[in-house]
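Open the model in your viewer and keep the selection tool at hand. The tour goes stop by stop.

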Amino acid sequence: MENTQENPLEFNSRIDLKNLQEATERIKTELGKVIVGQHDMLEMLIISILSNGHSLIEGVPGVAKTLTAKLLAKTMSVDFSRIQFTPDLMPSDILGTSIFNVKTNEFEFKKGPVFSNIILIDEINRAPAKTQAALFEVMEERQVTMDGKKYEMNPPFLVFATQNPVEQEGTYALPEAQLDRFLFKINVPYPSLEEEVQILENEHSRKDKLVLDNISPILNAQEIAEYQDTIKQIIIESNLLKYIAAIVDNTRSNSNLYLGASPRASLAIMNASKALAAINGRDFVTPDDIKKIAPSVLRHRIMLTPEREMEGITADKVVQQIIETIEIPR
């Protein structure tokens, strides 16, 4: 007689996540044709899409920040716009400008490159403050107000921005209000020795083939919207909501920090934790999801005291200490 007893560790998902999981795996496979390693960056970028949040990607030159964002956009059948930020870039170069039409004797608004679905802003800290500030409204409210008229962005609307952490000359640090509009700040490390060898081998065998030609589209705008709605249905217990609130609240009274995180950070941790649970095939959030997501959400929203900065303490270390000190709900 066969043993039909079910595995007690298995569970039946109350939300159908099969298509969402398959789509994320296919995206990872497509990008894996070109990108070697960088699994954490890929996962966080996929989570930011599912959570409908923007991402700031930080890493030294040459670690495939821009390439990854371009390839990720290629896996989606939506409009893509790349804006290279430079010191002479003006707000109108991004948002658009009103042009006088001689035939109609009226001004017409000519939309700028920000009117797209996936926006890649390369070297966001290269443009001065007035140009950076032009993104405030569109990143938060997904609309542009020009000459008193409101222009709404077509969903999905996501900004991926890159910046270099070591270069100071010719750069303009992003203000806290701008940083707070990014769901994640993703730190991109150097590849390992084995990964670097693989990069060289791939480039050698590719010959003259363009890397973008290898990528096939996986998702369209409607599917992205459906998956974003699915993420909102993921279950999170009230004790985990208290856990998130306790982590964020600790940043406001922590002796190592000059500036703590806002309620926007709490919402970001909750939404991104739901997305992480979903791509792992779970319809509920666990404390481990929150612990994994918290550093990427908080590292750009907190400011160290000058004393801790001089001691070489990093924002990530403080976040880790906070997570370790707060009791995990059972």
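**Stop 1: an aromatic pair**

Select F115 and Y151: both residues are buried. This is a predicted model. Aromatic pairs in it number four. In this one, the ring centres of F115 and Y151 are 6.3 Å apart and the planes stand at 90 degrees, so the geometry is edge-to-face. The pair links distant parts of the chain. F115 sits in the loop between β5 and β6 (118-122), while Y151 belongs to strand β8 (residues 149-152). They are 36 residues apart.

**Stop 2: a nonpolar surface patch**

Move to F107, in strand β5 (residues 106-111). Is F107 buried or exposed? Its relative accessible area is 60%, so F107 is exposed, the cut-off for that class being over 50%. Select F100 and V102 along with F107. Together these three form a nonpolar patch on the surface, with about 360 Å² of accessible area.

**Stop 3: zoom out**

Show the whole chain as a cartoon. How many helices and strands does the chain have? There are 14 helices and 13 strands. The radius of gyration is 22 Å, close to the 20 Å from the globule rule for 330 residues, so the chain is as compact as a globular protein of that length. Its C-alpha trace spans about 85 × 55 × 45 Å along the principal axes. Of the 330 residues, 49% are buried. Among contacts with a separation of 6 or more, 79% join residues 24 or more positions apart.

**Stop 4: salt bridges**

Side chains of opposite charge can pair when their charged atoms come close. The chain holds 15 salt bridges.

Select E43 and K292. They form a salt bridge, with the closest N and O atoms 2.7 Å apart. E43 is in helix α2 and K292 is in helix α12 (residues 287-298), so the pair ties together parts 249 residues apart in sequence. What is the burial state of each partner? E43 has 10% relative accessibility and therefore counts as buried. K292, at 39%, is partly exposed.

Go next to E58 and K185. Their salt bridge has its closest N and O atoms 3.4 Å apart. This pair also links distant parts of the chain: E58 lies in strand β1 and K185 in strand β10 (residues 182-187), 127 residues apart. Both E58 and K185 are buried.

Then pick R282 and D289. Their side chains meet in a salt bridge, 2.8 Å from N to O. R282 and D289 are both buried.

Finish this stop with a group. Select E140, D180, R264 and R301: a network of salt bridges links them.

**Stop 5: a buried serine**

Last, centre on S51, in the loop between α2 (39-50) and β1 (54-58). Why does S51 count as buried? Its relative accessibility is 15%, and the cut-off for buried is under 20%. Which residues is S51 in contact with, leaving aside its neighbours within four places in sequence? Select L183, N271, A272 and A275 to show them.

How values were computed: Residues numbered from 1 in each chain as written. Predicted model: local features only at pLDDT ≥ 70, side-chain atom pairs only at ≥ 80, totals over all residues. Heavy atoms only, no water. Patch = residues over 30% accessible without salt bridge, like charges linked within 9 Å, V, L, I, M, F, W, Y side chains within 5 Å. Areas by Shrake-Rupley, 256 points an atom, 1.4 Å probe, with all protein chains shown as cover. Salt bridge = Lys/Arg side-chain N within 4 Å of Asp/Glu carboxyl O. Helix = DSSP H or I, 4+ residues; strand = E, 2+ residues; numbered from the N terminus. Buried < 20%, exposed > 50% of the residue type's maximum accessible area, 1.4 Å probe, protein only. Rg over C-alpha atoms; globule rule 2.2 N^0.38 Å. Contact = heavy atoms within 4.5 Å. Phe/Tyr/Trp six-rings, centres within 6.5 Å; stacked < 30°, edge-to-face > 60°.
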